[in-house]
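Here's a quick briefing to read alongside the model. Have the sequence and the viewer open, and we'll go topic by topic.

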Amino acid sequence: MPEARFHLPLYILIGLYTGARKEAILSLQWSQVDMNHAVIDFHVPGTTRTKKRRARPPIPETLMTFLRLAKRRSNGSGTVIAYKGKAVGDIKKSFAAACRSAGISDVTPHTLRHTAITWLVQAAVSLWEVSGYVGVSPEIIARVYGHHAPDYMENARKAME
């Protein structure tokens with residue numbers, strides 16, 4: 001029986017529930033996951049902050065359940081996304097294989113980030129909150145994802161009545 005590969009489902013869950021970038025998820029250490037306060041700090045301690053901001057989102061309860069299970073399976077690995085106790089360097093091949101197996105195309109790991117942001121905007125979360133949650137400026141959220149808001153252009157429509 002082949003060894004179970006839990007790293008890809010965990011990667012996908014973290015991507016969908018946090019909207020974090022691929023590199024932020026792959027470099028995530030258990031020390032950055034505060035289970036007591038239900039927060040993930042995607043900023044790697046001791047590194048310089050760049051324009052690609054890394055957020056510190058609260059952990060949704062569903063994701064927390066999977067993180068607890070993964071932590072128990074981690075066998076002392078410091079890295080959250082690990083395979084056979086070692087950090088996963090890249091997820092592209094396994095992600096592409098999963099997409100092929102599911103019969104979907106034109107999907108990359110970055111699609112998870114777009115999906116998470118789109119879901120937040122569609123749920124009428126304020127653009128300011130979405131910005132803080134995923135570490136993207138409010139201007140970018142408004143420009144790229146604003147049209148997904150349920151009330152997009154509603155005031156303009158009403159004004160034209």
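In what order do the elements of the protein chain run from the N terminus on? They go α-α-β-β-α-β-β-α-α-α-α-α, which comes to eight helices and four strands. Helices here are DSSP runs of H or I with at least four residues, strands are runs of E with at least two, and both are numbered from the N terminus. Bear in mind that this is a predicted model, where local features need pLDDT of at least 70, side-chain atom pairs count only at pLDDT 80 or more, and totals for chains, interfaces and linings use all residues. Residues are numbered from 1 along each chain as its sequence is written, and side-chain values use heavy atoms, with hydrogens and water left out.

**Overall build**

- Taken along the principal axes, the C-alpha atoms of the protein chain fill a box of roughly 65 × 40 × 30 Å.
- The protein chain has 161 residues, and 35% of them count as buried. Buried means under 20% relative accessible area, exposed means over 50%, and partly exposed is in between (1.4 Å probe, protein chains only).
- Take the contacts (heavy atoms within 4.5 Å) in the protein chain with a separation of 6 or more: residues 24 or more positions apart account for 60% of them.

**Nonpolar cores**

- In soluble globular proteins, nonpolar side chains tend to be buried together.
- A nonpolar core here is a set of buried Ala, Val, Leu, Ile, Met, Phe, Trp, Tyr and Cys residues joined through side-chain atoms within 4.5 Å.
- The largest nonpolar core has 26 residues, and Ile-14, Val-33, Ile-40, Phe-42, Leu-67, Val-80 and Ile-81 have the most contacts inside it.
- Four helices each supply at least two residues of this core: H1 (7–18), H2 (22–26), H3 (61–73) and H4 (92–102). H1 gives the most, with five residues.
- Leaving out residues up to four places away in sequence, Ile-40 touches Thr-18, Leu-28, Gln-32, Val-33, Ala-55, Arg-56, Pro-57, Ile-59, Leu-63 and Leu-67.
- There's also a second, separate core of nine residues, including Ile-117, Val-121, Val-130 and Tyr-133.

**The cavity**

- Rolling a probe the size of a water molecule over the atoms shows where empty space is left.
- The structure holds one cavity of 30 Å³ or more. On a 1 Å grid over the protein atoms alone, a cavity is a set of points where a 1.4 Å probe fits but cannot get out, and lining residues have an atom within 4 Å of a point.
- About 60 Å³ of space lies in the largest cavity; a volume is the space filled by probe spheres set on the grid points, which are joined across faces, edges and corners.
- Among the residues lining the largest cavity are Thr-18, Phe-42, Arg-53, Arg-113 and Tyr-133.
- The lining divides into seven nonpolar, one polar and four charged residues. Ala, Val, Leu, Ile, Met, Phe, Trp, Tyr, Cys and Pro count as nonpolar, Asp, Glu, Lys and Arg as charged, and the others, Gly among them, as polar.

**Salt bridges**

- The whole structure has four salt bridges, each a side-chain nitrogen of Lys or Arg within 4 Å of a carboxyl oxygen of Asp or Glu.
- Asp-90 pairs with Lys-22 at 3.2 Å, N to O. This pair links distant parts of the chain, 68 residues apart: Asp-90 is in the loop between strand S4 (86–87) and H4, and Lys-22 is in helix H2.
- Arg-157 bridges to Glu-154, with the closest N and O atoms 2.5 Å apart. These two are separated by about one helical turn because they sit three residues apart in helix H8 (residues 154–160).
- Arg-157 also bridges to Glu-161, at 2.6 Å between the closest N and O atoms. Shared partners join Glu-154, Arg-157 and Glu-161 into one network.
- Arg-157 is partly exposed at 41% relative accessible area, while Glu-161 is exposed at 73%.

**Spots worth a click**

- Pro-109 is in helix H5 (residues 109–122) and is buried, at 12% relative accessible area. Leaving out residues up to four places away in sequence, Pro-109 touches Tyr-11, Lys-22, Ile-91 and Phe-95.
- Lys-84 isn't a glycine, yet has a positive phi of about 55 degrees. Lys-84 lies in the loop between strand S3 (82–83) and S4.
- Ala-124 has a positive phi too, near 65 degrees, and is found in the loop between H5 and helix H6 (127–134).

Note on methods: 1 Å grid on protein atoms, 1.4 Å probe; cavity = no way out; pocket = protein on both sides within 12 Å on 5 of 7 lines; lining within 4 Å.
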